[in-house]
Amino acid sequence: MLDATDRRILKVLQVDGRITNTDLADKVNLSATATAERMKRLVRDGYIEHFSASLNPRKIDRGLLVFVEIRLDRTSPEIFDAFKSAVERSTDIMECHMVAGGFDYLIKSRVKDMEAYRAFLSDVVLALPGVRETHTYAVMEEIKDTHILPV
């Protein structure tokens, strides 16, 4: 169970995952030792899944954000498993979610430009098992993009 101090730690870490333990301790009004112990527990208990760097997609030639709706030709456990395995192997697919509604999956990807997207569509998306139909949404403007969860 999270207490108020745990929540303060999580809030600070979501904004700055590189903060030193000493600075984190100062921000949450704890000793460095107590903060380090809480951090270990938050990681061990699965509240913190991992630490990573947030990259600027334009600087690494991945400036075009696309979302792709996928409709499968049939829905069976075998197709779901094959689709999931193929998606997990693809480094070009950032996120994939099985959804309820008018289609089966929603994929998020970043590519260099529309030419790269066409290659991604033909070489990756349409090669996924069971794909019958796709609808693409190319993002014209990113209004809000955050990983920060309210805690």
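In what order do the elements of the chain run from the N terminus on? They go α-α-α-β-α-β-β-α-β. Helices (H or I, at least four residues) and strands (E, at least two) are DSSP runs, numbered from the N terminus.

This is a predicted model, where local features need pLDDT of at least 70 and side-chain atom pairs count only at pLDDT 80 or more, while totals for chains, interfaces and linings use all residues. Residues are numbered from 1 along each chain as its sequence is written, and side-chain values use heavy atoms, with hydrogens and water left out.

**Stop 1: the whole chain**

Show the chain as a cartoon. Look for 5 helices and 4 strands. The C-alpha trace spans about 55 × 35 × 25 Å along its principal axes. The radius of gyration is 20 Å, whereas a compact globule of 151 residues would have one near 15 Å. That radius is taken over C-alpha atoms, and the globule rule is 2.2 Å times the number of residues to the power 0.38.

Now colour by accessibility. Buried means under 20% relative accessible area, exposed over 50%, and partly exposed in between (1.4 Å probe, protein chains only). Of the 151 residues in the chain, 32% are buried.

Contacts come next; the term means heavy atoms within 4.5 Å. Take the contacts with a separation of 6 or more: 65% of them join residues 24 or more positions apart.

**Stop 2: helices α2 and α3**

Select residues 21-28 for α2 and 32-44 for α3. Their axes lie 9 Å apart, and the helices pack at an angle of about 100 degrees. Axes here are lines fitted to C-alpha atoms, for helices over the stretch in contact, and angles run from 0 to 180 degrees between N-to-C directions. The two helices are therefore roughly perpendicular to each other. On this scale, angles under 35 degrees count as roughly parallel, over 145 as roughly antiparallel, 65 to 115 as roughly perpendicular and the rest as oblique.

Show side chains where the helices meet. From α2 come N21, L24, A25 and V28; from α3 come A32, T35, A36 and M39. By class, this contact has 6 nonpolar, 2 polar and no charged residues. Ala, Val, Leu, Ile, Met, Phe, Trp, Tyr, Cys and Pro count as nonpolar, Asp, Glu, Lys and Arg as charged, and the others, Gly among them, as polar.

Is T35 buried or exposed? T35 is buried, with a relative accessible area of 0%. Find T35 in helix α3. Leaving aside neighbours within four places in sequence, T35 touches N21, L24, A25, V28 and L30.

Move to N21, in helix α2. N21 is partly exposed, at 28% relative accessible area. Beyond neighbours within four places in sequence, N21 is in contact with A32, T35 and A36.

**Stop 3: two loop residues**

Select N29, in the loop between α2 and α3. Its phi is positive, about 60 degrees, although N29 is not a glycine. N29 is exposed, with a relative accessible area of 66%.

Then select D61, in the loop between α3 and β1. D61 is also not a glycine, and its phi is positive, near 55 degrees. At 45% relative accessibility, D61 is partly exposed.

**Stop 4: the sheet**

Which order do the 4 strands take in the open sheet? The order is β2-β3-β1-β4, with antiparallel pairing. Two strands pair if DSSP finds at least two bridges between them. At the edges are β2 (93-98) and β4 (131-138), each pairing on one side only. From one strand to the next the twist averages 20 degrees.

Select β1 (residues 64-72) and β3 (residues 105-111), an antiparallel pair joined over 7 bridges. The bridge partner of L65 is R110 in β3.

**Stop 5: the hairpin**

Finish on β2 and β3. They run antiparallel, joined by 5 bridges. C96 stands opposite I107 in β3. The two strands form a hairpin with 6 residues between them. Click on G101 in the turn: its phi is positive, about 140 degrees.
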